[in-house]
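This report is meant for someone meeting the structure for the first time. It moves from the chain as a whole to single residues and their partners.

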Amino acid sequence: MTAQQLTHVLSGMCTLALSTVTAKGEPRISGVDGHFLHGKWLFGTARDSAKARHLSARPAVSAAHMRGEDLGVFTHGRAEILNPQDGEPAEDWPDLLAYLKDFYGEELFDWDNDVVYYRLQPHWMAAYAPDVAKLTALSQP
């Protein structure tokens, strides 16, 4: 599967299984909305969630996106906060926020206070698709 094919297939929102680690080193997994933008996953969570606390203290994460037996995308890396409450946002945050508001709607959240967004900076990523032609045909408009 080429990178171009993968980015086409991963357009829009893709559910991710995201793993974080507790202070005791115990794994925790939960679901997040993932958006694959510029070759990296973007995802959010509530600012006061356990996941946000884990990521603040230990930003190492793993994520998996699977579509039955047709596609698996597996990523290990570090979560970079994009919109810290007490700090400067990422340089591209205004563009990412515009994308998110367009996708979810302006009024869904108090975007400054309710949600925190992260970019998964991968140090390892792999995709598996046994039948690329079938997968790309399924993602045609």
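## The chain as a whole

Of the contacts in the chain with a separation of 6 or more, 67% are between residues 24 or more positions apart, where contact means heavy atoms within 4.5 Å. The model is a predicted one, in which local features need pLDDT of at least 70 and side-chain atom pairs count only at pLDDT 80 or more, while totals for chains, interfaces and linings use all residues. Residues are numbered from 1 along each chain as its sequence is written, and side-chain values use heavy atoms, with hydrogens and water left out.

The chain holds four helices and six strands, which are DSSP runs numbered from the N terminus (helices H or I of at least four residues, strands E of at least two). Read from the N terminus, their order is α-β-β-β-α-β-β-α-β-α. The C-alpha trace spans about 45 × 35 × 25 Å along its principal axes.

Buried residues make up 37% of the 141 residues, with buried meaning under 20% relative accessible area, exposed over 50%, and partly exposed in between (1.4 Å probe, protein chains only).

## Residues in the strands

Strand E4 covers residues 60-67 and includes His 65, which counts as buried because its relative accessibility is 5%. A polar atom of the His 65 side chain lies 2.8 Å from the backbone oxygen of Thr 15. Beyond the neighbours within four places in sequence, the contacts of His 65 include Leu 10, Trp 41 and Val 73. Met 66 also has its place in strand E4, but Met 66 is exposed, with a relative accessible area of 55%.

## Salt bridges

Side chains of opposite charge can pair when their charged atoms come close. A salt bridge here is a side-chain nitrogen of Lys or Arg within 4 Å of a carboxyl oxygen of Asp or Glu, and by this rule the count comes to five. The table lists some of them.

| Pair | N to O distance |
|---|---|
| Lys 134 and Asp 70 | 3.2 Å |
| Glu 80 and Arg 119 | 3.0 Å |
| Glu 106 and Lys 101 | 3.8 Å |

In the pair of Glu 80 and Arg 119, which meet in a salt bridge, Glu 80 lies in strand E5 and Arg 119 in strand E6 (residues 115-128), so the pair ties together parts that are 39 residues apart in sequence. Arg 119 is buried, with a relative accessible area of 13%, whereas Glu 80 is partly exposed at 27%. Together with Asp 92, these two residues, Glu 80 and Arg 119, are linked in a network of salt bridges. As for the partners Lys 134 and Asp 70, Lys 134 is partly exposed, with a relative accessible area of 41%, and Asp 70 counts as partly exposed at 23% relative accessibility.

Technical notes: A polar contact is a pair of N or O atoms within 3.5 Å; within protein, one must be able to donate a hydrogen and the other to accept it, and residues adjacent in sequence count only if both atoms are side-chain atoms.
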